[in-house]
Amino acid sequence: MALPSYQDVKGGKSQVALWLIAEVGEGNIFTKVQLREAFPDAAQIDRRLRELRDHGWRFDTSREDPSLRQQEQRFVTRGADVWIPGKSKAPKHKNSLTATQRASVMHDDNNLCRSCGIGAGEAYEDSGGIELAKLNVSRRKVLHSDGTEEYQLITECKRCGVGGGPDREVDLGMLLDLVEDLAPMEQALFAKWMAADQRTFSPIEKVWGIYRTLPQESRTAVAQAIDEMLG
C-alpha cells in the first residue's frame, strides 16, 4: 500500500514520520538541520520528532552509537503508522505525570538514578566535572511471575534515559526466583542491602577491588607477600 506524501498530510508528527521514511530511510543518518530545512514553517518540529518515540520509532544519537557525530541521529526503526487515524494517540503509559507524582517517585527512589546510581547535581566521572546529572521520572516495563506486564515509575537521570530505544524491561519473576535460590545467609545479607539501599562491601571485597587496579609487577608482589604470610 502506497504511503501518502509527507507534504500532503496534516499534523507535524505524521509529516516527520513520512519524511523519515521517504527521505532518510531506516538505518540512515539525518541531522536536525535537515529536519528543519524540510519543514521551515513548522513550529517545534524537533518536538514532533521526539514524540514519535512514544509510538515505537527509534532514533540513535552519538550516546548510543559512537560512530555518529554530535549533531547526527540514525533512523533505526520505524514504529506505528501515526498518519493513520487512531494510531497517533500515545499509549496510556506515556501520559504526562503531575509534579506531585514526580516528586513522590524521586523521594521513594532516594533521589538517585536507579540505572547508574548518580544523584541530582552530581558530576559524571567521565565528564571531568562539567556535566551535572539531572533527574527525571521514567516508566519501566515490569514482567510479573504470572506473565502479566505493567509499567511502573522509576527515577532516571537524563543520560540514562536518552535515546528512545526499546522500553527497558525488568523480569521481576526471574529476580524473585534467583532470590529464592540464595542460601538463607545470603538472603539475609541481601535484605540488609535493600534496607540500606546500597551494597556494603566486606574487607576482602575491598582488598580485591584495589588489587584488580594494580599493574602486573605489583600484583606479583602481592602474590609473593601472600605466599610468605601463608608460610
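Is Glu51 buried, exposed or partly exposed, and what is its relative accessibility? Glu51 counts as partly exposed, at 22% relative accessibility. The model behind every view here is predicted.

**View 1. Arg47, Arg48 and Glu51 form a network of salt bridges.** Glu51 pairs with Arg48, and the closest N and O atoms lie 2.8 Å apart. Both residues sit in helix α3 (residues 45-51). They are 3 residues apart there, so about one helical turn separates them. Arg48 is buried, with a relative accessible area of 17%. That value falls under the 20% limit for buried residues. Glu51, at 22%, is partly exposed. The structure holds 14 salt bridges.

**View 2. Arg58 and Asp60 form a salt bridge.** The closest N and O atoms are 3.0 Å apart. Arg58 is partly exposed, at 26% relative accessibility. Asp60 is buried, at 8%.

**View 3. A salt bridge joins the side chains of Arg159 and Glu131.** The N to O distance is 2.6 Å. This pair links distant parts of the chain, 28 residues apart. Arg159 belongs to helix α5 (residues 158-161). Glu131 lies in the loop between α4 (99-108) and β4 (135-143). Arg159 is partly exposed, with a relative accessible area of 23%. Glu131 is also partly exposed, at 26%. Side chains of opposite charge can pair when their charged atoms come close.

**View 4. A patch of negative charge lies on the surface.** Asp171, Asp177, Glu180 and Asp181 gather in this patch. Helix α6 (residues 172-181) gives the most to it, with 3 residues. Asp181 is found in helix α6. Its relative accessible area is 64%, so Asp181 is exposed; the limit for that class is over 50%.

**View 5. Five residues make a nonpolar surface patch of about 430 Å².** They are Leu172, Met174, Leu175, Leu176 and Leu178. Leu172 is found in helix α6. Leu172 is partly exposed, with a relative accessible area of 30%.

**View 6. Thr31 is placed in strand β1 (residues 29-31).** Thr31 counts as buried, at 17% relative accessibility. Which residues does Thr31 touch, not counting residues up to four places away in sequence? Thr31 touches Gln71 and Glu72.

How values were computed
Residues numbered from 1 in each chain as written. Predicted model: local features only at pLDDT ≥ 70, side-chain atom pairs only at ≥ 80, totals over all residues. Heavy atoms only, no water. Patch = residues over 30% accessible without salt bridge, like charges linked within 9 Å, V, L, I, M, F, W, Y side chains within 5 Å. Areas by Shrake-Rupley, 256 points an atom, 1.4 Å probe, with all protein chains shown as cover. Salt bridge = Lys/Arg side-chain N within 4 Å of Asp/Glu carboxyl O. Lys, Arg positive; Asp, Glu negative; His and termini not counted. Charge placed at Lys NZ, Arg CZ, Asp CG, Glu CD. Helix = DSSP H or I, 4+ residues; strand = E, 2+ residues; numbered from the N terminus. Buried < 20%, exposed > 50% of the residue type's maximum accessible area, 1.4 Å probe, protein only. Contact = heavy atoms within 4.5 Å.
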